[in-house]
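Me: Please go through this model with me, one question at a time, and state the cut-offs behind each term as it comes up.

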Amino acid sequence: MPSFDYVALDSAGRERRGSVTAPNEAGARASLSRRKLLPVRLAAASGAAEAGDRSIMLARRRSLSAKQLSLFTRQLSTLSMVSPLEEALRTISVQADQPEVRQVVDHVHGGLLEGRRLADAMGRERKSFPPLYRAMVAAGESSGALPAILERLADLLERQAQVRGKLLTALAYPAMLALTAISVVIGLMVFVVPKVVEQFESLNQTLPLLTRIVIALSAAMANYGLFVLLLLVIGGVVFVRALQEPGFRLRFDQALLELPFIGRLLRDLHAARLARTLATMVSSGLPIIEGLAITARTVHNRVLRQASEDMVESIRAGGSLSAALRRAGVFPPLLVYMTASGEQSGRLDIMLARAADYLEREFDNFTAAALSLLEPAIIIVMGGIVLLIVLSILLPILQLDTLATA
């Protein structure tokens, strides 16, 4: 059955855009009339041309970033309290500054005008709206509490963005400091040391051991630096391909969790994200099994993903959430204890939210303490390397002075 793109006016004189499926143009006009829409422009597109145009549009359309999705959800939750969804989406589209945001919102808006539910319309933009997001929207539409659930979703996305922002901010300075230190050392070894070595070539004296070591390293970096860089690039490509193998990826993720600092960081981040998501789901009336199964697919660490999937099977078999958390063995004891307390008291959503708050504070304190030690460690290591290079240059000079005095 062919599809027709239309531009129409509703009973209030507002412009509506979308597409309608009908046997012919007359059927399309009749379908629009039943929706109380007056067609202004109605164009039929062939199946191939329409598919091509849509594929081009989809290729050009970019998905919403985490920040854009958070802002969109907050705007939609606010506007949906005072206006219909169709008008709220149209207002957001008009106010959007970025073209990619406007394209995504217009596509969802068009699906809504076709008679789809909001969750189904968002399903047309799967890259922008994750499965858990759409499931919570569908639960809100079914229960009639969509504005409240959208507000909880906005809070959830903003908290997740806040955690990501803190992590990136905490890692930015040490990363730049380490990059600067490496650049300084490479510059000294490749450009400074060879110039100084030229001054010692005419001497018949045996250079100190430290000087000979530094000269050998400098020559190796100057002569084989590009080759080593090429080997590192090839090794990186091989490593990335190896990560695509399930067995190797599982062993690598397990090794990450066993690292002293990174392992704890990954576990706490996952636990805080899981607790926050489950708290939002429970308060929104969404089944825990469904939300947990969707969340498990979004976990990057294979060990933590497997633990989450095992929790789904455990709960489906009749177990409790706290028992599943305890059996998984990768979650902080506090989360297990507070989940059990919430199940016994009937306040599971509140206790999960408090657990998430505590874990996020622990994450902030842990990263602050770790980075406060990492920054001076980088400076000390850099200073030590530069000191060795300077000593390797000064020792022959001091040796010459001693010989001249003697």
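Me: Which residue's side chain meets that of Arg117 in a salt bridge?
Reply: This is a predicted model, in which local features need pLDDT of at least 70, side-chain atom pairs count only at pLDDT 80 or more, and totals for chains, interfaces and linings use all residues. Residues are numbered from 1 along each chain as its sequence is written, and side-chain values use heavy atoms, with hydrogens and water left out. Under the criterion that a side-chain nitrogen of Lys or Arg lies within 4 Å of a carboxyl oxygen of Asp or Glu, the N to O distance of 3.8 Å qualifies, and the partner of Arg117 is Glu141.

Me: How many residues apart in sequence are the parts that the pair of Arg117 and Glu141 ties together?
Reply: Helices here are DSSP runs of H or I with at least four residues, strands are runs of E with at least two, and both are numbered from the N terminus. Arg117 lies in the loop between helix 5 (99–113) and helix 6 (118–122), while Glu141 belongs to helix 7 (residues 131–143), so the parts tied together are separated in sequence by 24 residues.

Me: Is Arg276 buried or exposed?
Reply: Buried means under 20% relative accessible area, exposed over 50%, and partly exposed in between, with a 1.4 Å probe and protein chains only. Asp357, which forms a salt bridge with Arg276 at 2.5 Å between the closest N and O atoms, is partly exposed at 24%. Arg276 has a relative accessible area of 10%, and therefore counts as buried.

Me: Which residues are linked with Arg159 in a network of salt bridges?
Reply: The side chains of Arg159 and Asp357 meet at 3.0 Å, N to O, and because Arg159 lies in helix 8 (residues 146–197) and Asp357 in helix 16, this pair ties together parts 198 residues apart in sequence. Asp357 also forms a salt bridge with Arg276. The residues networked with Arg159 are Arg276, Asp357 and Glu360.

Me: With which residues is Ser308 in contact, leaving aside its neighbours within four places in sequence?
Reply: Ser308 lies in helix 13 (residues 302–316), and at 1% relative accessibility it counts as buried. Contact means heavy atoms within 4.5 Å, and on that basis the partners of Ser308 are His270, Leu292 and Ala296.

Me: Over which residues does pLDDT stay under 50?
Reply: pLDDT is the predictor's confidence in each residue, from 0 to 100, and the protein chain has a mean of 80, with 90% of its residues reaching 70 or more. The model has 10 contacts beyond four places in sequence for the stretch where pLDDT stays under 50, which is residues 46–61.
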